[in-house]
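Visitor: Please show me the structure, and let us then examine the terms used to describe it.

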Amino acid sequence: MVLEGLGVDRNDPHFKDSPERIAKAWTEELCVGMKTETFNVTTFPMTKDDQPGMIILQHIPVKSLCAHHLLPFIGEATVAYIPNELLCGLSKLSRIVDFFARKPQVQEHLTSDIASYLKKTLKPQGVGVIIKASHMCMEMRGVNHNGLMTTSALSGIFLKDGTSRAEFMALAHAQGSHV
Ligand SMILES: [Zn+2]
């Protein structure tokens with residue numbers, strides 16, 4: 001319908017199979033986060049030797065679509081938690097971000113969805129999520145300039161304890177960002 005509305009030549013060999021190709025890309029890849037409601041993460045109980053310090057993963061790729069224009073927003077997430085009794089594998093933090101990213105939404109909701117999921121699953125002392133992303137709906141249209149949108153979601157000890165929050169923020173905004 002979009003192609004028809006734009007008036008492209010549907011007999012052009014490059015457009016001929018586009019509707020099927022687009023439908024497949026959107027349902028099977030770009031919005032695959034809408035299909036599965038539950039996402040299971042294996043957790044491990046902490047042992048006596050584990051230190052309950054901050055666990056942080058930076059430079060997690062974020063590739064999502066904005067709810068308002070269905071255009072991509074692309075950037076990076078920093079996810080941290082201070083465990084209570086449960087730990088999860090570090091790569092799982094990346095998988096959680098990728099899972100929640102794959103649907104149309106606003107960046108604020110993506111950020112809080114990731115934080116809520118970790119809060120529910122790991123019941124940690126605190127969770128912190130920061131996402132920095134460039135929005136194509138701003139860069140390719142509208143004001144047409146580049147800009148980085150930053151959103152954050154903090155809970156538990158990250159809200160109550162200034163030192164933990166400062167440590168998280170310093171790491172999240174440290175040099176070496178790939179954005
Ligand atoms: Zn938008």
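**Terms and their grounds**

Guide: At 35% relative accessibility, His-69 counts as partly exposed. This is a predicted model, in which local features need pLDDT of at least 70, side-chain atom pairs count only at pLDDT 80 or more, and totals for chains, interfaces and linings use all residues. Residues are numbered from 1 along each chain as its sequence is written, and side-chain values use heavy atoms, with hydrogens and water left out.

Visitor: Why is His-69 called partly exposed?

Guide: Buried means under 20% relative accessible area and exposed over 50%, with partly exposed in between (1.4 Å probe, protein chains only). The value for His-69 is 35%, so this residue is partly exposed.

Visitor: Is Cys-137 buried or exposed, and how do you know?

Guide: Cys-137 has a relative accessible area of 13%, and therefore counts as buried.

Visitor: What makes a residue a donor of the zinc ion?

Guide: Donors are N, O and S atoms within 2.8 Å of the metal (3.2 Å for Na, K and Ca); water is not among the atoms, so sites may look incomplete. Cys-66 (SG), His-69 (ND1) and Cys-137 (SG) lie 2.2 to 2.4 Å from the zinc ion and are its protein donors. Their spacing in sequence is C-x2-H-x67-C.

Visitor: Why is strand S6 described as largely enclosed?

Guide: Strands (E, at least two residues) are DSSP runs, numbered from the N terminus. Ten of the ten residues of S6 (residues 126-135) are buried, so the strand is largely enclosed by the rest of the structure.

Visitor: How do you know that S3 and S6 pair?

Guide: Two strands pair if DSSP finds at least two bridges between them. S3 and S6 have ten bridges, in the antiparallel sense.

How values were computed: Helix = DSSP H or I, 4+ residues; strand = E, 2+ residues; numbered from the N terminus.
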